[in-house]
Amino acid sequence: MKNANIESSIIRSVWSSVSAINTQILLQLSDSDLIHQIYRQVDQTSALSSEERQSLINYISSKIMLIRDMAES
């Protein structure tokens with residue numbers, strides 16, 4: 001199955017959600033919990049298809065190291 005493209009507004013929502021999470025909490029969450037925390041926040045504000053949801057999860061997963069690096073700095 002080909003991943004759906006993620007709209008730029010969704011990507012902005014991801015990074016807005018990341019910046020809204022308390023740094024200490026962000027660093028304490030497991031990768032899986034962090035992915036789902038961000039996903040839930042974005043999903044609340046966007047009507048996503050199942051394909052878009054999977055693409056969103058894949059996108060967040062691919063950015064976990066960057067998210068953690070940003071939180072540590």
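Author: Let us start with helix H5 (residues 64-72), where Ile64, Ile67, Arg68 and Ala71 are buried. Buried here means under 20% relative accessible area, while exposed is over 50% and partly exposed lies in between, with a 1.4 Å probe and protein chains only. Helices are DSSP runs (H or I, at least four residues), strands are E runs of at least two, and both are numbered from the N terminus.

Before going further, a word on the ground rules: this is a predicted model, in which local features need pLDDT of at least 70 and side-chain atom pairs count only at pLDDT 80 or more, whereas totals for chains, interfaces and linings use all residues. Residues are numbered from 1 along each chain as its sequence is written, and side-chain values use heavy atoms, with hydrogens and water left out.

An α-helix has 3.6 residues a turn, so residues three or four places apart point the same way.

What do the buried residues of H5 pack against? Their partners are H1, helix H2 (23-28), H3 and helix H4 (50-62), with contact meaning heavy atoms within 4.5 Å.

Some of these partners also meet each other. The axes of H3 and H4 come within 10 Å and cross at roughly 135 degrees; axes are lines fitted to C-alpha atoms, for helices over the stretch in contact, and angles run from 0 to 180 degrees between N-to-C directions. H3 and H4 are therefore oblique to each other, since angles under 35 degrees count as roughly parallel, over 145 as roughly antiparallel, 65 to 115 as roughly perpendicular and the rest as oblique. From H3, the contact is made by Ile35, Ile38, Tyr39, Val42 and Asp43, and from H4 by Arg53, Leu56, Ile57, Ile60 and Ser61.

The axes of helix H1 (residues 8-20) and helix H3 (residues 31-45) come within 9 Å and cross at roughly 130 degrees, which makes H1 oblique to H3. H1 brings Ile10, Ser13, Val14, Ser17 and Val18 to this contact, and H3 brings Ile38, Gln41, Val42 and Thr45.

Finally, Gln54 lies in helix H4 and, at 38% relative accessibility, counts as partly exposed. From Arg68, Gln54 is 14 residues away in sequence and 21 Å away in space, C-alpha to C-alpha.
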